[in-house]
Each structure stands twice: as structure tokens, then as C-alpha cells.
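Here is a short tour of one protein chain for anyone who likes to think in atoms and cut-offs. Please have the viewer open as you read.

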Amino acid sequence: MNDNKDSIEEILSDFKARRENRENTPVEPLEPPKRREDIIDFAKSDNDEKSSHKSRKEKRKKAAKTPEELDAIQNERAEKRAKQKDKIHAAMIKIKHAVFNKKVLIALVCIIAAAAIIFGISFAVKQSKSAYLKPYEEKYPNVTFRVGMLEKYCDILGKNPDTVGYIEIEDIHLKGAVSSDNKKPLSAQATEKGATRFNYVVYSDSKELEKHYSTAESYNESNGFIKYSDLFEEYNFKIVGAFYTNTKAEDDDGYIFPYNVTEKMTSDSVREFSSRLDNRFLYSTNINITGNDILLTVSCPTDYKKDFRFVIVGVLCENSSEKAVAKAKAADDIRYQQIIYDEQNLKNPYRFSKKWYPEIIITDDAENETILQKTIDDFSSKKER
């Protein structure tokens with residue numbers, strides 16, 4: 001206890017002595033802070049500053065290398081460049097050997113030769129296919145001759161550039177070019193763009209066919225065939241029926257049967273077309289027209305009635321086919337026009353039938369098919385002599 005007391009007294013005594021000592025010692029005043037003007041020399045120029053920096057940099061520069069050291073560095077760099085060049089050269093040699101070795105060169109030569117041969121053959125074939133047209137192109141420079149057309153028709157086309165076909169009818173000793181101009185004695189019905197042809201329709205100025213095909217008896221005594229060519233191929237058509245048709249709508253209660261449709265039709269339209277033809281035929285040959293058939297229709301003038309036409313229909317076939325040997329017999333029931341029933345004071349059994357017109361198929365450049373519904377306007381405006 002006494003020891004602790006003595007220690008405290010010693011501490012207090014020491015603290016008192018230090019305080020007295022500070023009171024007797026004078027305190028020196030603090031130095032005021034320096035201004036920027038005292039630190040930075042604003043009168044000093046930038047050049048002086050740069051010179052100062054430059055001098056410091058120069059002091060930091062390493063000592064200049066000796067000529068021997070510089071030569072060694074240049075030699076080292078030159079060796080590196082030479083090694084790199086050698087590597088590139090070696091790589092190029094490897095590539096050259098890989099690409100231009102003997103086998104590869106032979107293969108390349110063979111490929112090039114084969115391509116040249118193919119091109120030459122193709123060019124030669126093309127030239128050979130069109131070679132037969134050259135004399136006609138020179139003879140008729142303003143006429144376009146298409147590769148593939150039969151040479152026997154080239155002079156005919158040259159003399160008549162509007163020729164689209166050629167027809168031969170033995171019964172009336174007729175042979176002639178069929179024109180696209182409906183003012184010519186033989187002309188053809190055009191087909192809608194994009195449609196496949198189903199029926200070649202030819203209009204004739206001759207009345208001679210009527211006496212050969214207006215009855216079953218005359219049919220059976222006739223040749224029964226018509227040859228037709230579109231200038232590229234020659235076809236043989238067997239006549240399967242004949243009928244009379246009006247060309248004025250008012251003669252059949254506002255209706256004109258579309259016998260002269262040329263385009264490929266829908267399946268339903270083909271069936272309807274075939275059925276309506278059968279109803280109109282003056283005799284029966286028991287030949288049914290289908291969508292797979294190609295037809296030839298010849299329309300002729302007649303004295304049967306004003307503004308009427310006599311029409312015969314043929315189906316593409318060979319002489320040896322069943323269609324070629326068909327025989328005709330008089331039809332039991334024939335569908336006439338309203339004017340005929342009126343003149344004979346008869347009731348028309350077909351008076352409630354719909355006025356049917358075909359649906360044809362049009363194909364565009366992208367092979368997309370669309371259905372086009374024909375109307376009376378498409379047929380009443382057709383050529384009817």
C-alpha cells in the first residue's frame with residue numbers, strides 16, 4: 001500500500017516539474033504557408049521547361065554502343081530474316097510439290113480436256129441440230145425458224161410467216177397451211193398463255209366436209225382420218241363425231257356451246273365437255289373423250305341454218321388402234337339449239353340445263369397452277385365465219 005502511494009506521488013511530482021518547465025520556455029511562432037508564386041516560377045518559359053526535361057532525359061540516356069556491338073546486332077537481325085525467308089521458301093516448295101505433282105497435273109489436264117470435249121460436243125450438237133435451218137434463214141432473213149421444226153415445212157413458213165400448222169384431209173383432197181390470221185381460208189384458234197393444249201381448233205372456209213360426215217352412213221363411207229402438224233410433229237386424228245352449233249347466243253336461249261376450247265381443262269370440265277359433245281353428235285362411234293386425249297376440231301360453214309357451223313371432232317390415235325376402226329350408227333337422241341325446237345313446235349328437253357363453260361388450267365413460270373373459269377364472252381368473240 002505504501003509502495004503504491006509513493007509511486008503516485010512520484011508521478012505527480014514529475015508531471016508538475018514538466019508543466020513548470022513548459023511555462024518558462026518561450027514558444028516559437030509557426031511559419032506561414034507558402035504561396036503558389038513562391039513555389040512556381042510563372043516567368044519561366046515553356047522552352048526553359050522543355051530544356052530542363054531534355055537535360056534530364058539526356059542524363060538518363062544509356063551510354064552509346066560501340067561499333068562492334070552495333071555490327072553484332074545487325075548481323076543477328078540479318079540471320080533472323082534469312083531464317084524466316086528460308087522457312088517461307090521451304091513451305092512454298094512443299095505446296096508446289098503437293099499441287100503440281102505429276103498425278104495432280106495429269107488429273108487437271110484430264111478435267112480440262114473433258115470439259116473442252118463436253119463443251120465441244122454440246123456446241124457441235126447444237127450446231128448440227130440447227131444446221132438444216134441455215135439455208136432457210138438465209139433465204140427468208142425476216143422469218144424466225146425454230147430448232148426442232150420439221151424441214152418439210154420450212155419453205156411453207158418462209159413464204160407464210162403466220163403459219164402455225166399444216167392440215168391434210170383426204171376426203172376433200174385438201175392440203176394447206178393453217179394460219180394465225182383468221183382472214184385466211186384455214187386458220188387456227190389460239191391457246192391462252194400458260195395453258196397446255198388439249199384441242200387443235202381449225203376454221204375452214206370449205207363446205208365439203210359436211211357431205212362426208214353429216215350422217216352415220218356418210219361417215220362409214222369416208223376415210224375417217226385427218227392429218228395435222230404443228231410444224232414440229234405430225235399427228236393422225238380419227239374423226240369421232242360431228243354436230244351443228246350456233247354462233248349467236250340468241251339462237252339457243254342465250255347460250256353458245258364452247259366446242260372450240262383449246263386449253264387443258266380440269267377433270268370435271270373434261271367430263272362435262274365430253275358428255276355435252278356426245279349429246280350433240282349426229283351419230284355415235286362409242287369413242288369416249290378423256291382428259292388424256294388430244295383433239296382436233298374442224299369448224300366449217302354450213303347452209304343448214306344461218307349463223308350456224310358444221311363441226312367435226314377427231315381424237316389423236318394410230319391406225320391400228322380401236323378408235324381407228326370405229327363405225328358409226330345414228331344417234332337416238334340429239335341435243336339441238338332452242339331455235340330448232342321452236343321451229344318444229346317441240347319442247348326442249350334440255351331447257352333447264354345450266355349454261356356450262358369450262359374451267360381451264362393455267363401454269364405460270366414457277367410451275368404454279370391456277371384455274372380460270374371461262375365465260376360466254378370467251379367464245380362469242382371467237383372467229384365464226
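Arg 276 counts as buried because its relative accessibility is 5%, where buried means under 20% relative accessible area, exposed over 50% and partly exposed in between (1.4 Å probe, protein chains only). Not counting residues up to four places away in sequence, Arg 276 touches Tyr 255, Phe 257, Arg 335, Lys 354 and Trp 356, with contact meaning heavy atoms within 4.5 Å.

A word on the source: this is a predicted model, in which local features need pLDDT of at least 70 and side-chain atom pairs count only at pLDDT 80 or more, while totals for chains, interfaces and linings use all residues. Residues are numbered from 1 along each chain as its sequence is written, and side-chain values use heavy atoms, with hydrogens and water left out.

Now for the overall picture. The protein has 12 helices and 12 strands, and 33% of its 385 residues count as buried. Of the contacts between residues at least 6 apart in sequence, 62% join residues at least 24 apart.

Next, the nonpolar cores. In soluble globular proteins, nonpolar side chains tend to be buried together. A nonpolar core here is a set of buried Ala, Val, Leu, Ile, Met, Phe, Trp, Tyr and Cys residues joined through side-chain atoms within 4.5 Å. The largest one has 29 residues, and Phe 243, Phe 257, Phe 273, Leu 277 and Val 313 have the most contacts inside it. Two or more residues of this core come from each of β4 (199–204), β6 (234–246), α10 (267–280), β9 and β11 (359–363). Leaving aside neighbours within four places in sequence, Leu 277 is in contact with Phe 243, Phe 257, Ile 289 and Val 313. Another core, of 28 residues, lies apart from the largest one and includes Tyr 244, Tyr 283, Cys 300 and Phe 308.

Thr 297 sits in strand β8, and Lys 305 is in the loop between β8 (295–301) and β9 (308–316). A polar contact is a pair of N or O atoms within 3.5 Å; within protein, one must be able to donate a hydrogen and the other to accept it, and residues adjacent in sequence count only if both atoms are side-chain atoms.

| Side-chain pair | Polar contact |
|---|---|
| Thr 297 and Asn 199 | 3.0 Å |
| Lys 305 and Glu 343 | 2.8 Å |

Thr 297 is buried because its relative accessibility is 2%. Its C-alpha atom is 9.0 Å from that of Ile 239, 58 residues apart along the chain. Lys 305 also counts as buried, at 17% relative accessibility. Beyond its neighbours within four places in sequence, Lys 305 is in contact with Ile 339, Ile 340 and Glu 343.

What about the cysteines? Cys 154 is buried at 0% relative accessibility, and Cys 300 is buried at 2%. With a disulfide taken as a pair of cysteine sulfur atoms within 2.5 Å, the count comes to 0 disulfides.

Notes
Helix = DSSP H or I, 4+ residues; strand = E, 2+ residues; numbered from the N terminus.
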